[in-house]
Amino acid sequence: MSSSQPLDLRLPTPGCYADPERAGIDADAVFDGMTEHLFFTLGKLAPTASLHDLYMALSYAVRDRLMTRYLASQEAIRARPQKTVAYLSAEFLIGPQLNNNLLNLGIQKEAEEALKRFGIESLADILEVEEEPGLGNGGLGRLAACYMESLASLQVPAIGYGIRYEFGIFNQLIRDGWQVEVTDKWLKGGWPWELPQPDEACFVGFGGRTENYIDQKGDYCCRWIPNEHAIGIPHDVPVLGYRVNSCERLRLWRADATESFDFYAFNIGDYYGAVEEKVGSETLSKVLYPNDGTDEGRRLRLKQQHFFVSCSLQDMLKSLEKRGIPIHEFHNHWTVQLNDTHPAIAVAELMRLLIDERNFQWDAAWAITSRSVAYTNHTLLPEALEKWDLNLFKSILPRHLELIYEINRRFLQQVRLRYPGNDAILRKLSIIDEEGGKAIRMSHLATIGAHHINGVAALHSDLIKRQLMPEFAELWPEKFTNVTNGVTPRRWVALANPELAHLLDEELGTDWITNMELLKNLEKRQHDNAFLDKFGATKLSGKRKLAGYIHRQTGVLVDPSSMFDVQVKRIHQYKRQHLNALQIITQYLRIKNGQGDDLAPRTVIFGGKAAPGYFMAKLIIRFINGIAEIINADPDMEGRLRVIFLPDYNVKLGEQVYPATDLSEQISTAGKEASGTGNMKFAMNGALTIGTLDGANVEIRDRVGNDNFFLFGNTESEIQSLQTNGYKPSKYIEELPELAEALRLVEVGHFSNGDGELFRPLIDNLRQNDPFFVMADFADYLRVQGEVSQAWKNKREWNRMSLLNTSRSGFFSSDRSIREYCEGIWKVDPLHVEITCDVRD
């Protein structure tokens, strides 16, 4: 990736680095900034300020210090126009912002010193107050957040586009072992990191009809007349790079009504009708992923997707117009990355905006669209590849359906020329799924409209070409590529694991945080016992912190010297938390039967949310908690086995879990996980992995070495063979008495207070169907868990293996991923911003 010349941007004194009132970064300046915001912004005096008041004041003071970089980055792209990344994602799981911005500014110590003057001895006390933004759910959103931070740190011009969800997904409580969803009111105390921009609002239409007409030039045209509208209000969140001047924007759209209050309806006593339009419009940005088990839920999801995509594309077009750049140069100034299929409607919407509103001819509009859009596929699961019922789609987006029909007609004509007489391939490649009820296949629309399609791990990208989209890959082999996911070391090592970061600074210098390949230099210390002891001490420190958290949250005491065996991720059958749970039952039975002498003392930790409508996933959570209740109350398990389910797993909690983990459970069915990013965070923090050859596990094992990875299970090709030859889970149960005994113990109600029916759906599923091959992999999983126990006995050797995981994890930095996107897909260069301020009296 080439570098452009630095930009010397001269700004007026107010708001520049030299302005002591707003931009000073020593402790005195931070203290003065907090005092000012307490008084003028929050209306509070220091002696009566609460912890939340001090959090808000510090956050506003820090935000002041972002503004020069934030505005300078925008001015830089105006002064020197070049291609900008527009990253469209339904979620951005950005996590708490205060400490991240303190780190990237380099003022954590200064902030702590300023807080001491308010009587706060530890920055941690203030960080604990911060609510986690409810803007995402899982790996998809966390990846988007890592990428935005890396884009800023690499000084690549970019804007992230998404939705400002008022309530996020949900907060998870555990009651009687069951997941209970409660509203995530993350905005209730105010959020100091956003900048509303109501003057840049966009109008979005839904429903209605289309009509054809001939314009003054005699051209055939189409006009969409929606019967429903919403306004998108942008809220900008600054995304600061690490110790650079670049500060990107995360632009999140909040939905508002075109007319918030109907006076006539109110005056005649129709009080609900007076605000009906407001309520209906604002629903668009209320909740992430509304339950799509109902027609109304599906309608809302589709409207949400169109809402934020339309606002974002309109915003890009307006940006060109404001800068005097011709619209036909759109593809030279914007590269539009679709993070999965949620924003795939962008292909049709950009065509509509160009043809209907900017009067472009079809071929010119298609050339711009197909040269601007790229698509990242994140899943191989059929149910996750979005399809929309044709009638539902038509009722919400009638004009887009017409455009999709035309895109499909022209595309299929190309296919007919390539494969004459092959109707089967036409059916496979068509955007319109004709099987059963007709539906729009959004992954097909994205693939046809994009110039590149990438998977997110080497195995995943290969499976896209071989299994998911082989006909597309044969038609356009040049479109398909791979960019393995990555995670930012700033949050997941420097912030999450300060003890390890300090050790790395001492050993490697401070450049490792932006050049993770320097971690390889740790390998020379793998036989240095004194260094291994220091390295092990950082892990023990993390475990003690997590043990304290577990006791405060659950009341269960765990031993930090035991192996912390962790599986934290979204709860789903293919991720196979129930495989882990059954293995725990087997270990429990061995201890009860006096056969547990070779087992390592373990604290097995789970965390993750189940989708509200996903019964089997919620039953798995209940299953884990049922097991935990029995084991944690059994005196025979004291000092040998503990099971913990951490409620409401999120980024904030992840920052405590990753540094404390000894063994990372990455046990999904081979061929089902696209990549995973938790596996990378664990490895960076020195956890050893037990896992299948699935997703990025393959590359992690290749990088860290086979001897430093506990491999088990059937490969993707072996899974395919089992499916083809008629898989019978009962065969594997019969061959392994320990497995049969564990299942029987569940069936008689041992983990459900004698209720033999509670877990029957789960056990029947495993016995009769087992769609994710838990039974087929169980014996090998149990065998390798025995190898884990043996390895744990030699703590020095374990620490050596742990060190090698950290030292060889540099490849999985999101900085590397972004460089690959820039070079191979986006063709974007960095834009260095140098800010020079005139100091005036």
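Trainee: Which helices and strands each supply at least two residues of the lining of the largest cavity?

Mentor: This is a predicted model. In it, the largest cavity has a volume of about 160 Å³, and 15 residues line this space. The elements that each supply at least two of the lining residues are α3 (98-105), α6 (139-153) and β10 (228-240).

Trainee: Which element supplies the largest share of that lining, and how many residues does it give?

Mentor: Helix α6 spans residues 139-153. The largest share of the lining of the largest cavity comes from α6, with 4 residues.

Trainee: Which residues that line the largest cavity are the closest to its centre?

Mentor: The lining of the largest cavity has 7 nonpolar, 5 polar and 3 charged residues. Among these 15 lining residues, the closest to the centre are Gln97, Asn100, Ala145, Glu149 and Val239.

Trainee: Which helix gives the most to the lining of the second largest cavity?

Mentor: The residues that line the second largest cavity include Arg301, Gln304, Gln305 and Phe308. The lining of this cavity divides into 5 nonpolar, 3 polar and 2 charged residues. With 4 residues, the helix that gives the most to this lining is α9 (residues 295-322).

Conventions:
Residues numbered from 1 in each chain as written. Predicted model: local features only at pLDDT ≥ 70, side-chain atom pairs only at ≥ 80, totals over all residues. Heavy atoms only, no water. 1 Å grid on protein atoms, 1.4 Å probe; cavity = no way out; pocket = protein on both sides within 12 Å on 5 of 7 lines; lining within 4 Å. Points joined across faces, edges and corners; volume = space filled by probe spheres on them. Nonpolar A, V, L, I, M, F, W, Y, C, P; charged D, E, K, R; others polar.
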